[in-house]
Amino acid sequence: MNQIYYELDCSALMCYFEIRINDVVVFSLNVDGQASMDIPINSGILEKGEQDIEIRVLPLSGGKELHKEAYVRYKVIEYDVSSGDFKFMRQFENFQTSPVQKNIPFLIHKSVFIANVSYKLDAWQNGVNLKDVSFDLKEALIKEGNKLVDMLNNKDYKLFIDKLSKKEKNVAIAMYLNASESKSRISQITDEIEEGFKAVPIKNEVYIEYSAYNKLATLKRLNRMPALYLENSRTNEEIVLDIRFCGFPGKDQFEIF
């Protein structure tokens with residue numbers, strides 16, 4: 001069976017930008033200069049068919065205005081990776097964001113492409129609109145996030161792995177990972193804890209980033225980085241954890257994707 005894999009061949013200049021596939025952020029980067037990269041996007045593809053792409057271009061971190069020459073160029077490339085190598089299948093249309101206009105602080109470019117993946121993920125499709133909930137969502141997410149912090153710092157690894165099980169299962173399916181590769185994703189986090197990293201408690205100075213048409217919510221720090229992260233005070237290194245919360249009708253607990 002073919003294992004169809006998609007990458008965004010992307011270049012950017014003087015901006016902070018996000019790539020959203022079906023409104024799920026699959027990549028973001030602050031580019032203080034110029035950069036080119038190939039970005040895997042299968043993690044945002046739930047099943048075969050039409051896929052929405054949205055590129056959001058914002059001022060560099062700490063800035064309020066877009067650089068006058070800021071842009072993002074991109075194209076989708078399809079591969080078959082079933083042999084273990086990247087077999088080129090086809091390339092989709094080239095796109096570029098529109099020129100920067102004075103007093104407009106961001107750029108958005110939207111496009112679509114047809115994906116031919118063979119899988120169908122059970123993910124956030126049936127989640128509730130988190131902007132419609134009747135409780136204090138930020139407070140609830142901080143509480144949930146700090147539960148994960150406690151699990152890591154108390155080395156309750158089994159409980160932490162259980163919490164991330166659906167997310168990791170979907171990543172393994174979408175990225176065609178074998179059991180060993182999938183296991184190593186989690187073990188990288190636990191290994192870092194054993195080597196001196198600690199999860200940093202989430203404080204109130206965070207904001208909610210909505211995605212997946214408001215069915216996923218992520219806590220972000222004011223520097224746009226995830227609120228859940230590990231820190232090594234000895235080496236001054238930081239590792240961020242990309243955790244998105246989803247709520248489902250009739251359930252009083254969040255699930256992680």
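Buried here means under 20% relative accessible area, exposed means over 50%, and partly exposed is in between, with a 1.4 Å probe and protein chains only.

Before I go on, a word on the model. It is a predicted one, where local features need pLDDT of at least 70 and side-chain atom pairs count only at pLDDT 80 or more, while totals for chains, interfaces and linings use all residues. Residues are numbered from 1 along each chain as its sequence is written, and side-chain values use heavy atoms, with hydrogens and water left out.

Back to Tyr79. Its ring and that of Phe86 have centres 5.3 Å apart and planes at 80°, so this pair is edge-to-face. For Phe, Tyr and Trp (its six-membered ring), rings pair if their centres lie within 6.5 Å; planes under 30 degrees apart are stacked, over 60 edge-to-face, and the rest tilted. Phe86 is partly exposed, at 47% relative accessibility.

The whole structure holds 12 aromatic pairs. In another of them, Tyr5 and Phe86 have ring centres 5.2 Å apart and planes at 90°, so they too are edge-to-face. Tyr5 lies in strand β1 and Phe86 in the loop between β4 and β5 (87-91), so the pair ties together parts 81 residues apart in sequence. Helices (H or I, at least four residues) and strands (E, at least two) are DSSP runs, numbered from the N terminus. Tyr5 is buried, at 9%. Ring pairs link Tyr5, Tyr79, Phe86 and Phe88 into a cluster.

Now, over to strand β10, residues 216-221. How many of its six residues are buried? Six of the six are, so β10 is largely enclosed by the rest of the structure. Leu216, Thr218 and Lys220 cover one side, and Ala217, Leu219 and Arg221 the other.

The partner of β10 is strand β9 (206-211), antiparallel over six bridges; strands pair if DSSP finds at least two bridges between them. Tyr207 stands opposite Lys220. The two strands form a hairpin with four residues between them, and Ala212 in the turn has a positive phi of about 50°.

Two charges are worth a look here. The charged end of Arg221 sits over the ring of Tyr229, 3.8 Å from its centre, and Lys131 lies over the face of Tyr210, at 5.0 Å from the ring centre. The cut-off is NZ of Lys or CZ of Arg within 6 Å of the ring centre and within 35 degrees of the ring normal.
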